[in-house]
Amino acid sequence: MKPKRLISLLVAVCMMITMLPLSAVTAFAADTASSTVYGSAIVDGYKYFYKVNEDGKTVTITGFSDLDGSHSHSAGIPETLDDRTVTAIGYHAFYDCLYLKDITIPQRVTSIGEEAFYNCYNLNSVTIDDAATSIGKEAFLGCTSLTTLKLGEKIKTIGDFAFYRCSALTEVIIPQSVTSIGKCAFDRCGLHTLTIKGPIESMGLAAFYECTKLETISFGENIKTIGQQAFQGCSSLTKVTIPDSVTSIGKEAFYECTKLETISFGENIETVSYTHLTLPTIC
């Protein structure tokens with residue numbers, strides 16, 4: 001084809017495109033851009049909604065419903081839906097769900113999304129298998145019946161407000177894998193004992209704020225920082241031992257711990273903020 005004819009053909013195509021209605025161009029763009037596949041499956045009398053992930057072989061749970069409202073037994077988290085492996089629990093997936101009581105997050109699930117189990121107030125036991133690496137913001141917020149929590153050994157991040165106001169939760173073991181605990185993550189929980197095994201490079205503001213029943217804290221030898229207002233208002237604490245690995249303690253970290261008699265500091269602390277100025281609460 002001669003160059004002049006080729007140029008003429010390209011000009012003609014461009015003119016045709018510009019003459020198309022805007023709605024037609026927009027619809028074409030939407031059709032080509034949208035490739036996400038959604039579906040649903042019924043398991044044990046419950047309906048699970050899902051999104052097919054990019055690999056086409058795995059899914060993210062996006063929603064849940066009881067088909068007729070008559071179920072009184074505990075729902076669960078299926079390992080597969082329509083022969084595709086469940087690898088994530090998405091945003092708001094089980095929000096305000098009454099049918100979850102004792103759940104185990106399947107082995108292949110790697111992430112638990114924001115508000116995934118928000119306000120599931122009949123939920124009393126959660127076991128997260130070792131595949132999961134993250135717990136999203138407000139994932140278990142308001143689960144006021146939660147008494148047992150087993151965190152998997154691959155979790156790296158616990159999001160802001162993740163277990164906020166889980167008032168029945170009395171014991172938590174933060175595994176070695178965790179490097180970040182978000183803002184107000186365990187704020188106002190019913191904790192009596194707390195074990196932090198991991199290095200915790202980032203501890204958010206008021207992570208354990210007003211856990212008024214907390215009596216014992218065990219820090220791992222690799223923890224690096226204790227965040228601002230981390231244990232403020234933990235009024236049952238009597239003794240705290242800070243390991244040598246800690247280099248900084250945030251402002252008001254142990255403020256209003258009215259029974260605290262002894263704090264043993266490690267040898268490598270570079271910064272300790274002692275100020276007792278009252279800060280506005282954000283939790």
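Cys 184 is buried, with a relative accessible area of 0%; buried here means under 20% relative accessible area, exposed means over 50%, and partly exposed covers what falls in between (1.4 Å probe, protein chains only). This is a predicted model, in which local features need pLDDT of at least 70 and side-chain atom pairs count only at pLDDT 80 or more, while totals for chains, interfaces and linings use all residues. Residues are numbered from 1 along each chain as its sequence is written, and side-chain values use heavy atoms, with hydrogens and water left out.

Back to Cys 184: its phi is near 55 degrees, a positive value in a residue other than glycine. Cys 184 sits in the loop between β13 (180-181) and β14 (193-196). Strands (E, at least two residues) are DSSP runs, as are helices (H or I, at least four residues), and the numbering starts from the N terminus. Ile 200 also has a positive phi, about 45 degrees, although it is not a glycine. This isoleucine belongs to the loop between β14 and β15 (202-203), and Ile 200 counts as buried at 0% relative accessibility.

Strand β14 also has a partner. Four bridges join it to β12, and the two run parallel; two strands are said to pair if DSSP finds at least two bridges between them. Ile 174 stands opposite Ile 196 in β14. In a regular strand the side chains alternate between the two faces of the sheet.

Next comes strand β3 (residues 58-66), which is mostly covered, with seven of its nine residues buried. Strand β2 (residues 46-52) runs antiparallel to β3, and seven bridges join the two. Tyr 46, for instance, has Asp 66 in β3 as its bridge partner. The hairpin of β2 and β3 has five residues between the strands, and there Gly 56 takes a positive phi near 75 degrees. β3 also pairs with strand β5 (residues 84-89), this time in the parallel sense over four bridges. In that pairing, Thr 60 has Ala 88 in β5 as its bridge partner.

Two bridges hold the parallel pairing of β17 with strand β19 (residues 248-249), and Thr 225 stands opposite Ser 248 in β19.

What about the rings? A search of the whole structure finds 16 aromatic pairs. Rings of Phe, Tyr and Trp (its six-membered ring) pair if their centres lie within 6.5 Å; planes under 30 degrees apart count as stacked, over 60 as edge-to-face and the rest as tilted. The rings of Tyr 48 and Phe 94 have centres 6.4 Å apart and planes at 70 degrees, so this pair is edge-to-face. Tyr 48 lies in strand β2 and Phe 94 in the loop between β5 and β6 (102-105), so the pair ties together parts that are 46 residues apart in sequence. Both Tyr 48 and Phe 94 are buried. Tyr 95 and Tyr 118 make a stacked pair, 5.0 Å centre to centre with 20 degrees between the planes. Tyr 95 is partly exposed, with a relative accessible area of 35%.
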